[in-house]
Each structure stands twice: as structure tokens, then as C-alpha cells.
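Thanks, everyone, for making the time.

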Amino acid sequence: MGKTNGTNGEQTSPAPVEGGSPPEVLDLEVWLSEKALPPAVANVMRVLYRGRKGTREELEGLLQETLSRPAK
């Protein structure tokens with residue numbers, strides 16, 4: 001199981017993957033800086049998910065969800 005903050009037992013780090021290390025949690029801005037996304041897509045992601053953190057897979061899922069939204 002992951003580390004807890006010691007006061008109320010809330011988990012502060014992800015639980016390690018069986019047989020490996022915990023998944024890397026990235027800030028949305030760090031992840032966006034690694035991607036070669038069109039500026040408009042990156043800006044929409046910033047607006048929709050400001051302050052979000054997640055694994056690469058979770059952030060990739062948010063990108064796919066964003067790209068599947070109908071344009072208005």
C-alpha cells in the first residue's frame with residue numbers, strides 16, 4: 001500500500017504496482033510540455049484540467065476524451 005500522511009490515513013502516494021515501483025504521477029503542465037500537441041489542443045487541456053495530476057495513462061485518457069468532444 002502507498003504512504004499515508006499519518007494524521008487521518010489518507011493515501012499520499014500511489015500504491016506500488018505488484019512487482020514494481022509505483023506509477024509515475026505527473027503534473028498536467030509537465031505532461032503537456034512532453035507532448036507535441038497543437039497549441040489549441042494544449043490550451044483546451046489547460047482550461048479543462050487545470051491543476052490536474054495523473055499517470056501518463058490517465059492523462060492520455062483525458063486527451064482522448066478531449067479530442068472526442070464535438071467542436072462548437
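The chain exposes about 5400 Å², of which carbon and sulfur atoms supply 54%; accessible areas here come from the Shrake-Rupley method with a 1.4 Å probe, and for residues only the protein chains shown count as cover. Please keep in mind that this is a predicted model, in which local features need pLDDT of at least 70 and side-chain atom pairs count only at pLDDT 80 or more, while totals for chains, interfaces and linings use all residues. Residues are numbered from 1 along each chain as its sequence is written, and side-chain values use heavy atoms, with hydrogens and water left out.

Read along the sequence, the pattern is β-α-α-β-α, that is, 3 helices and 2 strands, where helices (H or I, at least four residues) and strands (E, at least two) are DSSP runs numbered from the N terminus. Of the 72 residues in the chain, 21% are buried, meaning under 20% relative accessible area, with exposed set at over 50% and partly exposed in between (1.4 Å probe, protein chains only).

What makes up the largest nonpolar core? It has 11 residues, among them Trp31, Val41, Met45, Tyr49 and Leu63, a nonpolar core being a set of buried Ala, Val, Leu, Ile, Met, Phe, Trp, Tyr and Cys residues joined through side-chain atoms within 4.5 Å. To this core α1 (28-34), α2 (39-48) and α3 (56-67) each supply at least two residues.

Let me turn to one helix pair. The axes of α2 and α3 are 11 Å apart, and the helices pack at an angle of about 110 degrees; axes are lines fitted to C-alpha atoms, for helices over the stretch in contact, and angles run from 0 to 180 degrees between N-to-C directions. α2 is therefore roughly perpendicular to α3, a label that covers 65 to 115 degrees, whereas under 35 counts as roughly parallel, over 145 as roughly antiparallel and the rest as oblique. Val41, Val44, Met45 and Leu48 of α2 meet Leu59, Leu62, Leu63, Thr66 and Leu67 of α3 in this contact, contact meaning heavy atoms within 4.5 Å.

Thr66, in helix α3, counts as buried because its relative accessibility is 9%. Leaving aside neighbours within four places in sequence, Thr66 is in contact with Val44, Met45, Leu48 and Tyr49. Tyr49 itself sits in the loop between α2 and β2 (53-54), and at 6% relative accessibility Tyr49 also counts as buried.
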